Amino acid sequence: MITIRNLSKHFGELVVLKDVNADIQKGEVISIIGPSGTGKSTFLRCLNLLEAPTGGSIYIDGVSLLDKKTNVPKIRQKMGMVFQSFNLYSHLTILENLTIGPVKLLGKKKTETNTKAFEYLKLVGLAEKAYNFPDELSGGQKQRVAIARCLVMEPEVMLFDEPTSALDPTMVSEVLAVIRRLVREGMTMIIVTHEMEFARNISSRVFYMDEGIIYEDGTPEQIFESPQREKTRAFIHRIRSLEFRITGRDYDLYALQAEMEMFCEKHVIAKDVSANVQLLAEEVILLQTDYSDITIALSYSEKEGDVELVCESAGTPVNPLTPGAMEDEIGILLIKDRCKSVEYNYENGKNNLRLKVKVK
């Protein structure tokens, strides 16, 4: 239904989208997730030309959206878009907000449109509010009206740009319930959202966007349970990280420990865990035979509650976990005592020692 190839969007020197490629089939529900500022909303706005793409191509049912000969308003009628802010006309009643589009843009009769508008207001549970004005409604009710307003235009695809981000948490569920109903009815939808459980439950596919591209594309099971790429894993598990580089034996241990302590305080990691992390970092560094290129990486998964310390170092393979490999056997015992697991591998010319710290 929708084909996107090499889509890019620049705002002056700022590159927001640089090489977006996707195929979306009729009836699919695509959730787009990712950090703020990675082009999710811009991507959605490019699909119906609210933003003019800098390059690339978009095809809707085989018709090029960017071809100068294309009747863009006609193609746009196939798409309904629901924004973060509701964009209702404050001087019109709810019913008038729904009927103005079909009457003025599609040339439909008012009586026919009124009937259709009531049908969609019933679908979103707001038929009783037909003669109210927008300022008499709650935020969740306004967003449901915005969805009904799109549906009355009978679109083939619905675009949702973070439809719950402007709502009080108590109102989010009523909007998500309406979207779930549309899923059951087979509506093709593309949804930019920060509601991870919602995306997981209703999507046929999930796009994780980062670096101005669709960084990873997969089923909800793949993206949320076994993401293949590092940035996707970090986002899904809400992993916070800290890195410290060492290029010689005269490194500043106290600066390293201070950074780790601040990191732990920032992410509300228990003080005893913080103390263990600092001790483990010192012990791991003492095991190294080559100090020319060492990276100490500390990470914390908000989702799982795991704290992990990784030491990556250059040099020949040296597995400190092998009995008799190191002089400092006490250091190895100390490390094992304070960790749930300790793993070693040698990859791409680097020794990697990975510690999962015990957390009560």
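Student: What is the handedness of the crossing of α3 and α4?
Tutor: The crossing of α3 and α4 is right-handed; a crossing is left-handed if the near helix is turned anticlockwise from the far one by less than a right angle, and right-handed if clockwise. Helices (H or I, at least four residues) and strands (E, at least two) are DSSP runs, numbered from the N terminus. This is a predicted model, in which local features need pLDDT of at least 70, side-chain atom pairs count only at pLDDT 80 or more, and totals for chains, interfaces and linings use all residues. Residues are numbered from 1 along each chain as its sequence is written, and side-chain values use heavy atoms, with hydrogens and water left out.

Student: At what angle do α3 and α4 pack?
Tutor: Helix α3 (residues 94-105) and helix α4 (residues 110-123) pack at about 125 degrees, and their axes are 9 Å apart. Axes are lines fitted to C-alpha atoms, for helices over the stretch in contact, and angles run from 0 to 180 degrees between N-to-C directions. The two helices are therefore oblique to each other (under 35 degrees is roughly parallel, over 145 roughly antiparallel, 65 to 115 roughly perpendicular and the rest oblique).

Student: Which residues make the contact?
Tutor: Among them are Leu98 and Pro102 of α3 and Ala117 and Phe118 of α4, where contact means heavy atoms within 4.5 Å.

Student: Now the sheet, please. What is the order of its strands?
Tutor: It is an open sheet of six strands in the order β6-β7-β8-β3-β9-β10, with mixed pairing; two strands pair if DSSP finds at least two bridges between them. The edge strands are β6 (79-82) and β10 (213-218), each pairing on one side only. On average, neighbouring strands are turned by 20 degrees against each other, direction ignored.

Student: And which strands does helix α1 touch?
Tutor: Helix α1 (residues 40-47) packs on the sheet and touches β3 (29-33), β6, β7, β8 and β9 (205-210). Helix α6 (residues 169-184) also packs on the sheet, touching β3, β7 and β8.

Student: How many bridges join β7 to β8?
Tutor: Five bridges join β7 (residues 157-161) to β8 (residues 188-192), and these strands run parallel. Asp161 has Val192 in β8 as its bridge partner.

Student: One last topic: where is Glu154 found?
Tutor: Glu154 is in the loop between α5 (139-151) and β7, and its phi is positive, near 55 degrees. Most residues other than glycine have a negative phi.
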